[in-house]
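Welcome, and please load the model in your viewer.

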Amino acid sequence: AGSGKTYALSNRYLELLRLGVEPSRVLATTFTRKAAGEILGRVLTRLGAAAASDAGAAALGEALGGPPLTRQAAREMLGQMARAMHRVGVSTIDAQMHRMAMCYRFELGLPASPRLVDSAGPAAAQLRRRAIDAMLADDQPDVLIQLLRRLQHDETKRGISDALDGLFDSLYD
């Protein structure tokens with residue numbers, strides 16, 4: 001936190017725009033929706049400030065390096081962003097992977113309408129339960145013995161299925 005990742009990513013995004021790269025050809029990914037929103041917000045805010053005043057344009061130009069940035073150039077970049085907002089690629093890594101998987105869903109053998117599952121939601125719990133049931137029914141005792149050894153240190157009074165679910169959920173995190 002506070003190391004300047006968002007600032008650096010927004011700078012790089014703005015540098016690419018300044019070089020004439022179409023916004024739809026730039027991909028910026030991060031781990032959280034909040035960070036993705038901050039990156040996009042910072043790009044738009046900084047462009048807006050540069051388009052609104054000569055001082056803002058000078059400040060952005062200095063931050064990006066290279067020749068001075070004019071208000072007119074900032075307005076053009078802002079207009080380009082506004083026209084391409086529906087194609088702007090600033091998102092989480094998960095969302096980007098989902099979009100890519102949707103492009104190749106038939107090749108990947110995915111259903112026609114797959115959906116992302118929140119790890120804390122009921123659908124994820126149900127899927128974990130199914131996986132646990134399948135593992136417990138499997139004829140590979142070595143895998144089960146290894147998991148039971150890990151659970152031996154767990155002081156919980158829950159059933160084995162609940163303990164395995166908790167273990168898998170914590171391993172996912």
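**First stop: a pair in helix H1**

Select glutamate 15 and arginine 12: they are three residues apart in helix H1 (residues 5-18), so about one helical turn separates them. Helices here are DSSP runs of H or I with at least four residues, strands are runs of E with at least two, and both are numbered from the N terminus.

Before you go on, a word on what you are viewing. This is a predicted model, in which local features need pLDDT of at least 70 and side-chain atom pairs count only at pLDDT 80 or more, while totals for chains, interfaces and linings use all residues. Residues are numbered from 1 along each chain as its sequence is written, and side-chain values use heavy atoms, leaving out hydrogens and water.

Now show the side chains of your pair. What does glutamate 15 form with arginine 12? The two form a salt bridge, with their closest N and O atoms 3.3 Å apart. The term stands for a side-chain nitrogen of Lys or Arg within 4 Å of a carboxyl oxygen of Asp or Glu. Side chains of opposite charge can pair when their charged atoms come close. A search of the whole structure finds one salt bridge.

(Buried means under 20% relative accessible area, exposed over 50%, and partly exposed in between, using a 1.4 Å probe and protein chains only.)

**Second stop: threonine 6**

Stay in helix H1 and select threonine 6. Is threonine 6 buried or exposed? With 17% relative accessibility, threonine 6 counts as buried.

**Third stop: the whole chain**

Zoom out and switch to a cartoon view. You can look for nine helices and two strands. Followed from the N terminus, the elements run α-β-α-α-α-β-α-α-α-α-α. The radius of gyration is 24 Å, well over the 16 Å that the globule rule gives for 173 residues, so the protein is more spread out than a compact globule. That radius is taken over C-alpha atoms, and the rule is 2.2 Å times the number of residues to the power 0.38.

Finally, colour by burial: buried residues make up 30% of the 173.
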